[in-house]
Amino acid sequence: MITRRIQYEMAGRVVGPMLMSLERWQKSRRRRGGKKKDTPFGPSLESVRRLKELMTVYYFKGRYADGAVPVAWVTSGFPVELLRPLGFYVVYPENHAAICSVQRLVPELSDAAEAEGYSRDLCGYARCDLGSVITKKTPMGRLPKPDMLACCTNICQTVLYWYRSLAAHFQVPLVLIDTPFVFGEAAPHHIQYVKDQLEELMEAAEKIGGKKVATEELEETTRMAVEGTRLWGECLAAGRNEPSPWTAFDGFFHMAPIVTMRGGEECNSYYRGLLDELKDRIQRGIGGIKNEKYRLLWDNLPIWFNVRELSTLFAENHFNFVCSTYTDAWTEAGSRIDPADPIGSAAEAYTYIILNRDLKNRLDLIERLTKEYKVHGAVLHSDRSCKPYSIGQIDLKERLGEGVGIKALVLEADHADPRSYAREPAENRLLAFMESFH
Amino acid sequence: MRKAYIEKQKREHNRKVLAVLPIHYPKEILTALDILAVELWGPPGPPRGDAAGRLQVYICSLVRNATAFLAGDDVGMVDGVLYPHTCDSIQGMSTLLEDFGGWEKPVFRFFHPRGESRKSLRTFLVAELKSLAAQLSDFVGREMDMDALRRAIAMHRRIDEARAGLLGRRSHLEMSDSELYRVLRRGEFLWPEDHLQELREAEGAFRPEVVQKGIPIMISGYVPEPMAIFQVLEEAGAFVAADDYAGVGRRLVPSILEVGEDPFATLAEMSYAAPPCPTQTSTQGRRMEYLSRLFDAHGAVGVIVHELKFCEPELFDYPAIKKTFSEKGAPVLLLEGELELELSGQVVTRIEAFIELLDSGEHGGAS
């Protein structure tokens, strides 16, 4: 246990950062004398390097986490700040699956899950993650075995079925936070139910973590989580500027710390740096793309395996995605969290997540973003892997056209699995969509 | 037939009619308030209206068909709709029709909690049952009579007992699967007393000796559609000895529970006493143990998993079912469909080949 803890701390504090410095040095040597490629994008954000280092060290440290500290695998909508004071190392299978998708590993990992009987019609993240568990293959070297699975159904019910399979595989406890879907306003007994479950979560987590949480510690991590979501919200709001200093596609990658490290200083420090950089770009008139003529909104998860190609296609045609409903989701919770009442306010905050709310709320959100970000059009990613996010998009498209007055396109794809995406027909549709603005 | 029956219920008994989406809901509360529940398992076949096009093709056919049906012209006799909190798609359909048009009548929702029984879930479930009862009381314009609720619970216990008896002593029942499931599924729309009467009549087909001599199989899945599956099984020489359809066996509370002081608490207890359903349980192991026991108790020799395409709660459990039964040496056949009216020739051939395999192996039945 002690040796493992030393390895874990060394990985996070010494070896990981050292490897990153080495890589930075090697890269700078390679870059010398190299000719810069001409792209339709503005100069790269310096924060990209910091993001890569932060996440690489985080995952590197994770290789040594089991046996050193308690490990929880959690869903992206889980109130993770409540676990922080107990010293949990948390793994986000969704974030891991997104990395696998970017690296085009999903077909191989999904094949392994499908061979066990998982249908290809199931969520691509889940198939990827289960395939990674079955084969033990991961681009991160190794994922630590969980001591606890923590699942919150505020993003979908799929996570419950997925985590139930993980619990059976790892033979570890599954802590479930079941959040009733909100139609209009949540009933008081619905919020009370979530609060009661959060209290049960704390008991279970304390048992696994081997210590009691001090109220002050919980208030502090909650305060940090609120600060983190506020900073993330400010970074996103930078997109309101014309030209936007970055793109929503950039935002998809830069959201990793708010999802995985919420409630910690590393996360907040990262966003302070990113925000400074975005403000500096605004001041200097630097855009995320070189010549921003039209501003778009993205709805639903990104198409992870195709982000580069899609962002290039749009940027080449002077279209910039300046906001998205997806990245905005992590700002919402923070506004409702009260560090003086970590559990009670978390119950409300995590119930009122965009994906746990009705379509009227979604339409209102898109309408608000459209105004705030001065958007001309929207691409609604009809995501085969995410049914709850995709239901209603056909009606949303009509309402955006008639009521909100912006052009919208429903794009059939998948957030993880390239086998469910027909690239050429999709790009033809997108080009026709862009032509309609001229 | 169904339409004529519902019209008669409205005309002769002045009953309100609620369309109810799958799966789990407290029917006892509806009965106590004199509301006729008409369950909407599709309906099967092609969607009956254009509104199915408001949902992507990767949304299950049950939800697409139900959306088309509710937004169509054929629901004049229905006074409202009840959506149990079953899955993301039913949840999404509910907000789609209410927020973006297609359903103007009253909407009720029932959030059954997920996860294993614990204090927070039990407290919530009782509160949710009371909340639904209060909303439905407003709907019918009268207070809930607690004695009526106790009587309704007792009535549904008798129904469950009768249904469980017909399924549980299947080998002594001189009735084809097609006939049995027709009787059982009429409970999806009959007034409880009428359904109980038909169940009692069906009990007349019990014989002291074993009359089902075919190959006993267990079937698990969402809903037995198309019903022709039973005919194919019968012709292939098999019968359903154990049932785990979400719409049939999985909704039966196995033991008779006493109606306690607080009928809402009794309803909550019943919910936890019911067989594990993937839309509710958080433990795969408990469900696999239950299925294994069900399989053994009825002497089944093979398993058919009959699922709706795109149905996530069901499909996520399939690998565990496959593993559980392959460890027992029992063959498993997965069938996926989209609420078609007929079984395709390919599916028929697969069922026939599966039964042949069971018949030729050491598991073979007496046919």
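The model is predicted: local features need pLDDT of at least 70, side-chain atom pairs count only at pLDDT 80 or more, and totals for chains, interfaces and linings use all residues. Residues are numbered from 1 along each chain as its sequence is written, chains are lettered from A in the order in which they are written, and side-chain values use heavy atoms, without hydrogens and water.

**Extent of the interface**
- B:Tyr58, B:Phe100 and B:Phe316 supply 20% of what chain B buries against chain A, more than any other three residues.

**Charged pairs**
- There are 5 salt bridges between chain B and chain A (a side-chain nitrogen of Lys or Arg within 4 Å of a carboxyl oxygen of Asp or Glu).
- One salt bridge joins B:Glu312 to A:Lys387, with the closest N and O atoms 3.6 Å apart.

**Helix α8 of chain A**
- Helices are DSSP runs (H or I, at least four residues), numbered from the N terminus.
- α8 of chain A spans residues 215-237, which is 23 residues.
- Its buried residues include A:Leu218, A:Met224, A:Leu231 and A:Trp232 (under 20% relative accessible area, 1.4 Å probe, protein chains only).
- Among the elements covering the buried residues of α8(A) are α7 (188-209) and α11 (265-284) of chain A.

How values were computed: Buried area is the accessible area (1.4 Å probe) that two parts lose on being put together, summed over both. Helices (H or I, at least four residues) and strands (E, at least two) are DSSP runs, numbered from the N terminus. The expected span of a helix is 1.5 Å times one less than its number of residues. Buried means under 20% relative accessible area, exposed over 50%, partly exposed in between (1.4 Å probe, protein chains only). Contact means heavy atoms within 4.5 Å.
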